[in-house]
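Trainee: I would like to go through this model and ask what stands behind each label. Please set each value against its cut-off.

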Amino acid sequence: TMNISSQVTWSSSLASVATIVSGGVATAVAAGTSTISASLAGVTGSTTLTVQTAALSLVTTSVPDATVNQGYSATLTANGGTLPYTWGIGSGSLPPGLSLGASSGSITGTPTNTGVYTFTIRVWDSSNPVQTAARQFSMTIASQAVVATIWPSTTAPGTADGGPDSA
């Protein structure tokens, strides 16, 4: 038996779906269908190659905690499926003052209440049939730190107290 694959002329009808190298190895580029053809000395053959979309998955595994009355922004990430994605809340709710961008996957806003919030984020792709992925998240909204000072750091008391340690 002789391997003649390197002598064959290979082609892909849609390089945007799959490419093929001189040894006959095809590489998926994107979901779709391409015809892979081979020819050698007047003999030709072809076959259909279907590249399927990778399964949609929600990559982000946690979101940062936040502080009440302070601006917040976190962007969720997904991969696989077919762009564009649509994001939504599957169950529970975001902390008051925060919202989820349906097209961006960004949680933004200014949280207004302290507490621990548990919610499920769901992402849908635009394939037919639609793929979906979801993950539960927990977020703690902490109260702001209280800083107390006796007087401003740039000002010293104007009058000595006149006590026994005053000269």
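Trainee: How many bridges join E11 to strand E12, and in which sense do the two run?

Mentor: E11 and strand E12 (residues 106–109) are joined by 3 bridges and run antiparallel. Before going on: this is a predicted model, in which local features need pLDDT of at least 70, side-chain atom pairs count only at pLDDT 80 or more, and totals for chains, interfaces and linings use all residues. Residues are numbered from 1 along each chain as its sequence is written, and side-chain values use heavy atoms, with hydrogens and water left out.

Trainee: What makes E11 and E12 a pair of strands?

Mentor: Two strands pair if DSSP finds at least two bridges between them. E11 and E12 have 3 bridges, so they count as paired. Strands themselves are DSSP runs of E with at least two residues, numbered from the N terminus. Within this pair, Ser-99 stands opposite Thr-108 in E12.

Trainee: Which sheet holds E11, and what makes E11 an edge strand?

Mentor: E11 belongs to an open sheet of 3 strands in the order E8-E12-E11, with antiparallel pairing. Strand E8 (72–75) and strand E11 (98–100) are its edge strands, as each pairs on one side only. From one strand to the next the twist averages 15°; for such angles, axes are lines fitted to C-alpha atoms, and the values run from 0 to 180 degrees between N-to-C directions.

Trainee: What is the strand order in the open sheet of 4 strands, and what kind of pairing does it have?

Mentor: The order is E7-E14-E13-E10, and the pairing is mixed. Strand E7 (residues 66–67) pairs with strand E14 (residues 132–142) in the parallel sense over 2 bridges, whereas strand E13 (residues 115–124) pairs with E14 in the antiparallel sense over 10 bridges. The edges are E7 and strand E10 (86–92), each of which pairs on one side only.

Trainee: Why is Phe-137 called buried?

Mentor: Phe-137, in strand E14, has a relative accessible area of 2%. Buried means under 20%, exposed over 50%, and partly exposed in between (1.4 Å probe, protein chains only), so Phe-137 is buried.

Trainee: What surrounds Phe-137?

Mentor: Leaving aside neighbours within four places in sequence, its contacts (heavy atoms within 4.5 Å) include Leu-58, Val-63, Leu-76, Tyr-117, Phe-119 and Ile-121. Phe-137 and Phe-119 are 18 residues apart in sequence but 5.5 Å apart in space, C-alpha to C-alpha.

Trainee: Why does Ser-127 count as buried, and where does it lie?

Mentor: Its relative accessibility is 15%, so Ser-127 counts as buried. Ser-127 lies in the loop between E13 and E14.

Trainee: How do you know that the side chain of Ser-127 makes a polar contact with that of Asp-125?

Mentor: The distance is 2.9 Å. A polar contact is a pair of N or O atoms within 3.5 Å; within protein, one must be able to donate a hydrogen and the other to accept it, and residues adjacent in sequence count only if both atoms are side-chain atoms. The value falls within the limit, so the pair counts as a polar contact. A polar atom of the Ser-127 side chain also lies 2.7 Å from the backbone oxygen of Pro-129.

Trainee: Which peptide bonds are cis?

Mentor: The bond from Asn-128 to Pro-129 is cis, with omega near 5°, and Pro-129 is placed in the loop between E13 and E14. A cis bond also joins Leu-83 and Pro-84, with omega about -5°. Pro-84 lies in the loop between strand E9 (78–79) and E10.

Trainee: Why is Ala-41 called exposed, but Asn-69 partly exposed?

Mentor: Ala-41 has a relative accessible area of 79%, so it is exposed. Asn-69 is at 49%, so it counts as partly exposed. Ala-41 has phi near 50°, a positive value in a residue other than glycine; Asn-69 has a positive phi of about 65° although it is not a glycine.
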